[in-house]
Amino acid sequence: MKAHVRSNWQQAVLVCRKCSKKLDGGFGPDGDERLAKALRKHLALKKGRKAAAGIVEVNCLGVCPKGAVTVVNGAQATDWLLVRRGADLDELAETLGLLQGQSGIS
Ligand code: FES
């Protein structure tokens with residue numbers, strides 16, 4: 001068995017699953033998508049470790065903001081984001097450093 005596997009991720013972003021569930025959508029063109037999915041779609045990221053970046057839903061991060069989703073940028077883990085419903089995904093992607101190159105990072 002291999003001790004490690006390669007991935008194309010240049011970046012890992014953790015999105016609270018429980019916050020996303022509480023908002024029941026809130027993102028994407030129609031405002032009915034969860035943040036992680038909307039962001040992946042917005043950046044046209046491939047699936048799994050073949051993607052240029054990992055946007056992963058994780059368990060409650062213990063912040064539990066009202067009307068927002070807690071997001072951790074793996075490259076800047078000391079500063080967590082509270083992303084409000086309907087937030088601009090271009091702006092968010094830029095803040096997270098996900099816009100270097102097109103079709104999500106390169
Ligand atoms: S519910 Fe998202 S941080 Fe707790």
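Let's start with E33, which is buried, with a relative accessible area of 11%; buried here means under 20% relative accessible area, exposed over 50%, and partly exposed in between, using a 1.4 Å probe and protein chains only. This is a predicted model, so local features need pLDDT of at least 70 and side-chain atom pairs count only at pLDDT 80 or more, while totals for chains, interfaces and linings use all residues. Residues are numbered from 1 along each chain as its sequence is written, and side-chain values use heavy atoms, with hydrogens and water left out.

Back to E33: its salt-bridge partner is K41, with the closest N and O atoms 2.6 Å apart. By salt bridge I mean a side-chain nitrogen of Lys or Arg within 4 Å of a carboxyl oxygen of Asp or Glu. K41, at 54% relative accessibility, counts as exposed.

How many salt bridges does the structure hold? There are two. In the other pair, R34 meets E57, and here the closest N and O atoms are 3.0 Å apart. R34 sits in the loop between α1 (17-23) and α2, and E57 in strand β2, so this pair ties together parts that are 23 residues apart in sequence. The helices (H or I, at least four residues) and strands (E, at least two) are DSSP runs, numbered from the N terminus. R34 itself is partly exposed, at 29% relative accessibility.

Now, inside. The largest nonpolar core has 24 residues, and L35, I55 and L98 touch the most other members. Such a core is a set of buried Ala, Val, Leu, Ile, Met, Phe, Trp, Tyr and Cys residues joined through side-chain atoms within 4.5 Å. At least two residues each come from β1 (12-16), α1, α2, β3 (68-73) and α3 (89-95). Which element gives this core its largest share? That is α2, with four residues.

Finally, the surface. V63, W80 and L82 make a nonpolar patch with about 270 Å² of accessible area together. Patches are built from residues with over 30% relative accessible area and no salt bridge, joining like charges within 9 Å and nonpolar side chains (Val, Leu, Ile, Met, Phe, Trp, Tyr) within 5 Å. Accessible areas come from the Shrake-Rupley method with a 1.4 Å probe, and for residues only the protein chains shown count as cover. W80 lies in the loop between β3 and β4 (81-84) and is partly exposed, at 36% relative accessible area.

Thanks, everyone, and I'm happy to go back over any of this!
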